[in-house]
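Hi,

Here is the structure I promised to pass on.

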Protein chains: 2
Amino acid sequence: MRNLQGRLDLCSINTATLGHREPLNQTIDRIARAGFGGIAPWRREVEAGDLAQLARQIKSLDLTVTGYCRSTYLPAATTTEFNANIEANRAAIRDAAVLGAQCFVMVVGGLVPGSRDVQDARSQVIDGIEILLDTAREYGVPLALEPLHPMYAANRAVVNTIAQAVQICEAVDPARTGVIGVAVDVYHCWWDPELTASIAAVGQAGRILAYHVCDWMYETGDMLLDRGMMGDGVIDLPSVRSCVEHAGYNGLVETEIFFAQNWWQRDPDKVLAICAERLQTVC
Amino acid sequence: MRNLQGRLDLCSINTATLGHREPLNQTIDRIARAGFGGIAPWRREVEAGDLAQLARQIKSLDLTVTGYCRSTYLPAATTTEFNANIEANRAAIRDAAVLGAQCFVMVVGGLVPGSRDVQDARSQVIDGIEILLDTAREYGVPLALEPLHPMYAANRAVVNTIAQAVQICEAVDPARTGVIGVAVDVYHCWWDPELTASIAAVGQAGRILAYHVCDWMYETGDMLLDRGMMGDGVIDLPSVRSCVEHAGYNGLVETEIFFAQNWWQRDPDKVLAICAERLQTVC
């Protein structure tokens with residue numbers, strides 16, 4: 001396993017970690033100034049700014065874009081809505097290409113509101129992904145399916161385990177062309193009894209496109225905004241990273257924390273300093 | 001699939017559904033009066049009353065005890081604590097026998113507080129179960145492993161999928177003697193991409209010992225106390241029951257709801273009436 005000590009160039013910051021409190025150009029500068037090698041911006045920030053200019057800024061600072069967050073949810077109640085979701089994702093993939101993103105992060109969406117048909121939602125997800133593969137190929141931006149924690153199955157993502165994500169990848173891209181893979185996020189998968197085997201399988205398929213860290217707090221109060229700083233929770237981070245790297249991943253380690261009552265209240269530079277320290281010592 | 005219309009004799013009430021607001025003897029009477037065929041009481045209620053008398057009351061009302069809730073968590077920081085957990089469970093299994101319970105519900109416990117070693121916690125769980133099998137055999141009360149939703153992996157149970165539970169059962173009781181099986185609760189497993197296959201596997205092993213229903217609210221606010229009434233959420237209840245019965249389960253359907261801000265505030269008889277109506281119409 002790589003030693004991250006003194007290697008912030010191997011570390012990336014997902015801008016959600018700072019709570020989306022300022023324009024992206026300022027965030028980009030902060031992240032570069034703190035010495036990180038990468039950034040993962042969100043669409044809301046990019047779309048609120050000047051795409052080409054942001055792309056130039058990121059490039060000039062030599063930051064790797066470890067992912068572009070994130071897809072419009074796919075499942076829809078009508079064909080019109082479904083098609084609109086596809087178009088929104090196509091536009092985002094084009095933007096991801098301009099940013100030079102290593103992948104487009106796919107949080108696939110949950111049940112169609114009002115529906116109890118998880119199979120239908122999962123079918124729609126596969127249909128949508130198949131359609132988007134062409135755009136991903138055309139623009140050279142791989143789709144990174146991110147399995148979300150099962151507690152988000154209803155309202156955020158019906159892809160909930162790494163094994164399930166790999167299965168989808170293999171079904172839609174059996175030739176393993178590199179156009180689709182998986183984003184492994186410790187928050188979503190740390191509990192999985194099949195974690196080691198699943199990571200090995202996704203690695204063997206050459207499909208680990210991103211690796212996200214944060215922590216799971218022993219007593220988690222809020223289901224969305226209570227993700228901990230690495231080291232503050234219960235996840236055995238070195239063990240998971242060891243699996244991921246053993247499975248062939250050699251990309252950046254991205255920090256992605258949603259914690260409204262803590263990290264989103266603090267001075268962004270101080271948050272980045274703590275991320276840097278934790279990435280080098282406990283991840 | 002069985003038709004539950006007019007068949008409350010096939011339905012059971014877990015007393016947690018009523019919020020543990022009154023002595024168990026009153027709850028027993030209410031549940032019998034409402035026409036249910038079964039009850040699943042909690043230790044705190046039984047231990048606060050007179051075990052033999054409660055057992056006689058339940059028997060005289062011809063209620064099936066669909067489960068006795070629940071085990072003391074197994075993983076511990078020291079051998080002394082671990083052994084104390086085993087003894088507490090042994091005592092509870094003896095009480096379960098007096099109550100005539102069809103199974104002793106095992107919520108196995110999470111990580112040892114302060115530890116990040118989920119493998120160790122899972123090993124301790126298996127060790128503990130192996131020790132308790134003797135007691136379960138001696139008193140004729142099968143252990144029902146209940147996989148809890150992955151969001152409880154840290155602090156409540158490191159057994160999180162039906163597949164994992166079956167694997168443990170097969171490891172500790174390869175001869176399938178009937179001493180250990182699985183409690184399937186829709187709340188914990190509805191999201192599982194492998195749900196159909198897992199239920200088929202646990203059924204094929206003859207190990208479905210209990211079936212619990214409630215619902216998952218589309219927007220779940222509280223991780224513990226926000227379980228919905230059947231029909232109010234997103235779970236396709238007839239589809240899951242169909243799988244379970246197709247897999248050979250012919251026991252009672254038990255309602256277990258934890259919903260502090262709603263059902264635990266309402267008149268118990270009215271809650272039971274709504275459970276009865278929902279069990280017959282949407283489950």
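In which hand does helix 4 of chain A cross helix 5 of chain A? The crossing is right-handed. Bear in mind throughout that this is a predicted model.

Some more on that pair. Helix 4 of chain A covers residues 79–99 and helix 5 of chain A covers residues 118–139; they pack at an angle of about 30°, and their axes are 10 Å apart. Angles under 35 degrees count as roughly parallel, so that is how helix 4 and helix 5 of chain A run relative to each other. On the helix 4 side, the residues making the contact include Phe82(A), Ile86(A), Asn89(A), Ile93(A) and Ala97(A). From helix 5 of chain A come, among them, Gln124(A), Gly128(A), Ile131(A), Thr135(A) and Tyr139(A). By type, the residues of this contact split into eight nonpolar, five polar and two charged.

Now for the sheet. Chain A has nine strands in an open sheet with parallel pairing, ordered 3-2-1-9-8-7-6-5-4. Strand 3 (64–65) and strand 4 (68–69) of chain A have a single partner strand each, which means that one side of each lacks a neighbour in the sheet.

Further in, three bridges join strand 5 (residues 104–106) of chain A to strand 6 (residues 143–145) of chain A in the parallel sense. Across that pairing, Phe104(A) sits opposite Leu143(A) of strand 6. Helix 6 (residues 162–172) of chain A packs on the sheet, where it touches strand 6 and strand 7 (180–185) of chain A. The direction of helix 6 makes about 170° with that of strand 7 of chain A.

Cheers

Note on methods: Residues numbered from 1 in each chain as written. Chains lettered and ligands numbered in written order. Predicted model: local features only at pLDDT ≥ 70, side-chain atom pairs only at ≥ 80, totals over all residues. Pairing = 2+ DSSP bridges. Helix = DSSP H or I, 4+ residues; strand = E, 2+ residues; numbered from the N terminus. Contact = placed C-beta atoms within 7 Å. Axes fitted to C-alpha atoms, helices over the stretch in contact; angles between N-to-C directions. Parallel < 35°, antiparallel > 145°, perpendicular 65-115°, else oblique. Left-handed = near helix turned anticlockwise from the far one by under 90°. Nonpolar A, V, L, I, M, F, W, Y, C, P; charged D, E, K, R; others polar.
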